[in-house]
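Please look through the sequence and the structure shown below before reading on. The report that follows is meant to be read with both in view.

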Amino acid sequence: MRKLIAFDEDTFDKLKQLGRDRMATFQELADEAFADLLKKHGIPIDLRDALRKSARLGAEPDKPTARPKARKAKPR
């Protein structure tokens, strides 16, 4: 799927230079950036990641909810 994304000139120039420095295409930079964004928000990138996440959630026993610690009364 193709989408049009607008960058200001300075940002686009820096992205092109980063691509040259890393010997990567603009598409590879974009793929990496969007994969990092999805990972940051806990969204599986592909089927393998979704299955791993699902298996982890099913394997974890229900954890008791943390109770707030009782505050000690200050001596008067």
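What follows goes from the model and its overall build to its aromatic rings, its nonpolar patch and its salt bridges.

## The model and its confidence

The model is a predicted one, and its confidence should therefore be considered before any detail is read from it. Averaged over the chain, the pLDDT is 85, and 78% of the residues reach a score of at least 70. Among the elements of the chain, helix α1 has the highest mean pLDDT, at 97, whereas helix α3, which spans residues 47-59, has the lowest, at 81. Where pLDDT is low, the predicted coordinates should not be read in detail.

## Overall build

The chain contains three helices and zero strands, and when it is read along the sequence its elements follow the pattern α-α-α. Helix α1 covers residues 9-22, helix α2 covers residues 26-40, and helix α3 covers residues 47-59.

How many of the residues count as buried? The chain has 76 residues, and 5% of them are placed in that class.

## The aromatic rings

A search of the whole structure finds two aromatic pairs. One of them is formed by Phe7 and Phe26, whose ring centres are 5.9 Å apart and whose planes make an angle of 80°, an arrangement that is edge-to-face. Because Phe7 belongs to the segment before α1 while Phe26 belongs to helix α2, this pair ties together parts that lie 19 residues apart in sequence. Phe7 is partly exposed, with a relative accessible area of 38%, and Phe26 also counts as partly exposed, at 37% relative accessibility.

The rings of Phe12 and Phe26 make a pair as well, with centres 5.7 Å apart and planes at 55°, so this pair is described as tilted. The pair links distant parts of the chain, since Phe12 is in helix α1 and Phe26 is in helix α2, 14 residues apart. Phe12 has a relative accessible area of 31%, and it is therefore partly exposed. Taken together, the ring pairs link Phe7, Phe12 and Phe26 into a cluster.

Which residues make the nonpolar surface patch? The patch is made by Ile5, Phe7, Phe12, Phe26, Phe34 and Leu37, and its area is about 540 Å². Helix α2 gives the most to this patch, contributing three residues, while Phe12 lies in helix α1.

The three phenylalanines that the ring pairs link into a cluster, Phe7, Phe12 and Phe26, are also named among the residues of the patch. A residue needs over 30% relative accessible area to belong to a patch, and Phe12, at 31% relative accessibility, counts as partly exposed.

## The salt bridges

The structure holds three salt bridges. In one of them Lys14 is joined to Asp10, and their closest N and O atoms are 3.3 Å apart. Because Lys14 and Asp10 are four residues apart in helix α1, they are separated by about one helical turn. Lys14 is exposed, with a relative accessible area of 56%, whereas Asp10 is partly exposed, with a relative accessible area of 46%.

A further salt bridge is formed by Glu32 and Arg22, with the closest N and O atoms 2.9 Å apart. Here Glu32 lies in helix α2 and Arg22 in helix α1, so the pair ties together parts of the chain that are 10 residues apart in sequence. Glu32 is partly exposed, with a relative accessible area of 35%, and Arg22 counts as partly exposed too, at 44% relative accessibility. In helix α3, the side chains of Arg52 and Asp49 meet in a salt bridge with an N to O distance of 3.1 Å. These two residues are three residues apart, which is about one turn of the helix. Arg52 counts as partly exposed at 45% relative accessibility, and Asp49 is partly exposed with a relative accessible area of 26%.

Notes. Residues are numbered from 1 along each chain as its sequence is written. Side-chain values use heavy atoms; hydrogens and water are left out. Patches are made of residues with over 30% relative accessible area and no salt bridge: like charges are joined within 9 Å, nonpolar side chains (Val, Leu, Ile, Met, Phe, Trp, Tyr) within 5 Å. Accessible areas come from the Shrake-Rupley method with a 1.4 Å probe; for residues, only the protein chains shown count as cover. A salt bridge is a side-chain nitrogen of Lys or Arg within 4 Å of a carboxyl oxygen of Asp or Glu. Buried means under 20% relative accessible area, exposed over 50%, partly exposed in between (1.4 Å probe, protein chains only). pLDDT is the predictor's confidence in each residue, from 0 to 100. Rings of Phe, Tyr and Trp (its six-membered ring) pair if their centres lie within 6.5 Å; planes under 30 degrees apart count as stacked, over 60 as edge-to-face and the rest as tilted.
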